[in-house]
Amino acid sequence: MIDLDQHPCCGRNLDRLIQPAVLLQLARDALHGYALIQALEESPMFAGSRPDPAGVYRYLKAMELRGLVSSEWDTAKSGPAKRIYRITKDGLACLDRWMDSLRAHRDSIQALLAEADGLSGRGGRKE
C-alpha cells in the first residue's frame, strides 16, 4: 500500500513555490541567507519544515543572475561577513506576477474542490 503521507499528493513538495516565497520575504525586509531560511521555515508555505539551505542559496543565486534580487556583503557587525539579499524592482514585478498566477491557480483549485465536493461517496468532503 502506498504511503500517502510521503506521496506528492500530500502537497508537501511545493518546492517550485520557493521563488515567490523568497521574493515575498525579501519584499518585507532585506535578509541574510540564514535569516531568510528561518523566515521561510516559519511561513505557512513550509509549515515548520526547514527548507533545504543549499536549495535556497541556489535559488537566490539564480534569482540574482536574473536580476530579481541583489546582494552585498555586510561587514558592519562583528563576526563573519554575511551576504544580505534585497528584492529589486524587477523582483517586485515578478512577485506581483506570481501572486496573479497563484490567485488564478487558487480559483482553479477551488473550482476543482467544489466539483469533487459534489460527488457523493467518492471522497469529496463538505467543509
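Q: Where is serine 43 placed?
A: Serine 43 sits in the loop between α2 and α3. Keep in mind that this is a predicted model.

Q: Is serine 43 buried or exposed?
A: Serine 43 is buried. Its relative accessible area is 10%, and the cut-off for buried is under 20%, so it qualifies.

Q: What does serine 43 touch, leaving out residues up to four places away in sequence?
A: Gln25 and Gly48.

Q: What about alanine 47, where does that lie?
A: Alanine 47 is also in the loop between α2 and α3.

Q: And is alanine 47 buried or exposed?
A: Exposed, with a relative accessibility of 67%. Exposed means over 50%, so alanine 47 passes that mark.

Q: What is phi for alanine 47?
A: Near 45°. That is a positive value in a residue other than glycine.

Q: OK, zooming out. How many helices and strands are in the chain?
A: Four helices and three strands.

Q: What pattern do they follow along the sequence?
A: The pattern reads α-β-α-α-β-β-α.

Q: What percentage of the chain counts as buried?
A: The chain has 127 residues, and 26% of them count as buried.

Q: And for contacts between residues at least 6 apart in sequence, what share joins residues at least 24 apart?
A: That share is 44%.

Q: Now the sheet. What is the strand order?
A: The order is β1-β3-β2. It is an open sheet of three strands, and the pairing is antiparallel.

Q: Which strands stand at the edges?
A: β1 (31-32) and β2 (69-74). Each has a single partner strand, so one side of each has no neighbour in the sheet.

Q: How many bridges join β2 to β3?
A: Six. β3 covers residues 82-87 and runs antiparallel to β2.

Q: Which residues face each other there, say for serine 71?
A: Serine 71 stands opposite tyrosine 85 in β3. Serine 70 has arginine 86 of β3 as its bridge partner.

Q: How many bridges hold the β1 and β3 pair?
A: Two, again in the antiparallel sense. Histidine 32 stands opposite isoleucine 84 in β3.

Q: Which helix lies across β1, β2 and β3?
A: Helix α1, residues 18-28. α1 runs at about 95° to β3.

Q: Let's take leucine 23. Which helix is that in?
A: Leucine 23 lies in helix α1.

Q: Buried or exposed?
A: Leucine 23 is buried, at 0% relative accessibility.

Q: What is leucine 23 in contact with, leaving aside neighbours within four places in sequence?
A: Met63, Leu68, Val69, Ile87, Gly91, Cys94, Leu95 and Trp98.

Q: How far is leucine 23 from leucine 95 in space?
A: The C-alpha atoms are 6.2 Å apart. In sequence, the two leucines are 72 residues apart.

Q: Switching to α2. Which of its residues are buried?
A: α2 spans residues 33-42. Its buried residues are Gly33, Ala35, Leu36, Ile37, Ala39 and Leu40.

Q: What covers those buried residues?
A: The cover includes α1, β1, α3 (53-65) and β3.

Q: Next, alanine 93. Where is that?
A: In helix α4.

Q: How accessible is alanine 93?
A: Alanine 93 counts as partly exposed, at 46% relative accessibility.

Q: What separation do you get between the C-alpha atoms of alanine 93 and leucine 68?
A: It comes out at 8.7 Å. Those two are 25 residues apart along the chain.

Q: Last topic, pockets. What is the volume of the largest pocket?
A: About 540 Å³.

Q: How many residues line the largest pocket, and which lie nearest its centre?
A: There are 17 lining residues. Leu17, Pro20, Met45, Met99 and Leu102 lie nearest the centre.

Q: Which element gives the most to that lining?
A: α4, with eight residues. α1 and α4 (89-117) each supply at least two.

Q: And how does the lining of the largest pocket divide by residue type?
A: Eleven residues are nonpolar, four are polar and two are charged.

Definitions and conventions:
Residues numbered from 1 in each chain as written. Predicted model: local features only at pLDDT ≥ 70, side-chain atom pairs only at ≥ 80, totals over all residues. Heavy atoms only, no water. Pairing = 2+ DSSP bridges. Contact = heavy atoms within 4.5 Å. Axes fitted to C-alpha atoms, helices over the stretch in contact; angles between N-to-C directions. Buried < 20%, exposed > 50% of the residue type's maximum accessible area, 1.4 Å probe, protein only. 1 Å grid on protein atoms, 1.4 Å probe; cavity = no way out; pocket = protein on both sides within 12 Å on 5 of 7 lines; lining within 4 Å. Points joined across faces, edges and corners; volume = space filled by probe spheres on them. Nonpolar A, V, L, I, M, F, W, Y, C, P; charged D, E, K, R; others polar.
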